[in-house]
Amino acid sequence: MRRKFVAGNWKMNGSLAANAALLSQIQSAIQLPMQSKTPAVSVQADCDIAVCVPAPYLAQCQALLAGGPIALGGQDVSAQTAGAFTGDTAASMLHELGCAYVIVGHSERRAGYAETNAQVAQKALQALAAGLTPIICVGETLAQREAGQTNAIVGTQLAALLDVLPADQVGKLVVAYEPVWAIGTGKTATPEMAQEVHAMLRAMLVARHAQQGMTVRILYGGSMKPENAAELMAMADIDGGLIGGAALKAADFLAIIAAASAVTK
Ligand code: PGA
């Protein structure tokens, strides 16, 4: 059984004051199984949780999250190890600042910065080499979906990484299926539409790596919110969510954590 995983993607949002307020509201409400003290607002958390924050706030968030149940993640990482790459962040730097995760290949980076499948794969390898778990994002545009290319596009995006990934690293991946047309638009894939793609990704992973492929968590992302989280995560191959807008509102993020914790398959 794969443990559910709820990861917030703050994107380019936040400030020192806003981050502190948001994390304090979330952390004070989270109650772990076996914990006796019940906070005023409480959410039973029985899933893995992370927040992926803008690079300048990593140190602040590392300090705020220390010792708590929420892991830290970055939103992007360099495909290079170190050197003359102005503006880039090395995987070792993310690791040093307490990150356990990093998002790679988010559609906003693929579209806005022309990141290729090969570059995304290199980023994931850098992350793994530094001891981070890459959350590799895949997803089709509306035009690609309407042209019947969803499986081909998403499959090619994942294959570019699987082609270069050493077999013993496969179990360390997290995959996020994020249909581009659902990101930040309020349009969500129906649970059935999402599950169809998740099942295809699972089949691909298992075809190449029978055992580890079953353990890889495949998150759904794209306007996941309290109203749809439970039904999405009830699907057989949807193992959690990569949450954008709703991760910036404590009540919404907590409700999604509660939904993930309540799902039994
Ligand atoms: P959204 O973003 O939840 O705001 O749609 C998800 C993402 O881009 O990771």
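Ala114 is found in the loop between α4 and α5 (helices, H or I, have at least four residues and strands, E, at least two, as DSSP runs counted from the N terminus). Heads up: this is a predicted model, where local features need pLDDT of at least 70 and side-chain atom pairs need 80 or more, while totals for chains, interfaces and linings use all residues. Numbering starts from 1 along each chain as its sequence is written, and side-chain values use heavy atoms, with hydrogens and water left out.

**The largest pocket**

- The largest pocket holds about 710 Å³ (a pocket is an open set of points on a 1 Å grid over the protein atoms alone, where a 1.4 Å probe fits, with protein on both sides within 12 Å along at least five of seven lines; its volume is the space filled by probe spheres on those points).
- It is lined by 26 residues (each with an atom within 4 Å of a point), and the closest to its centre are Gln75, Asp76, Arg109, Tyr113 and Glu115.
- Two elements, α4 (107-112) and α5 (117-129), each give two or more residues to this lining.
- Sort the lining by class and you get eleven nonpolar, eight polar and seven charged residues (Asp, Glu, Lys and Arg are charged; Ala, Val, Leu, Ile, Met, Phe, Trp, Tyr, Cys and Pro are nonpolar; the others, Gly among them, are polar).

**The second largest pocket**

- The second largest pocket has about 250 Å³ of space.
- Its lining has 21 residues, and Gly184, Ser223, Gly244, Gly245 and Ala246 come closest to the centre.
- That lining splits into seven nonpolar, nine polar and five charged residues.

**The ligand**

- So where does the ligand sit? You'll find the ligand in the second largest pocket (more than half of its atoms lie within 2 Å of the grid points).
- Around the ligand are 13 residues (a heavy atom within 4 Å), and the closest are Lys11, His106, Glu178, Gly184 and Ser223.
- This shell has four nonpolar, seven polar and two charged residues.
- Glu178 brings a polar side-chain atom to 2.7 Å from a ligand oxygen, and Gly184 has a polar backbone atom 2.7 Å from a ligand oxygen.
- Gly244 also has a polar backbone atom 2.9 Å from an oxygen of the ligand.
- On its own the ligand exposes 280 Å², and the protein buries 95% of that (Shrake-Rupley method, 1.4 Å probe).

- Most residues other than glycine have a negative phi.
- Lys11, in the loop between β1 (5-9) and α1 (16-29), has a positive phi of about 55 degrees.
- Ala114 isn't a glycine either, yet its phi is positive at about 50 degrees.

Terms used
A polar contact is a pair of N or O atoms within 3.5 Å; within protein, one must be able to donate a hydrogen and the other to accept it, and residues adjacent in sequence count only if both atoms are side-chain atoms.
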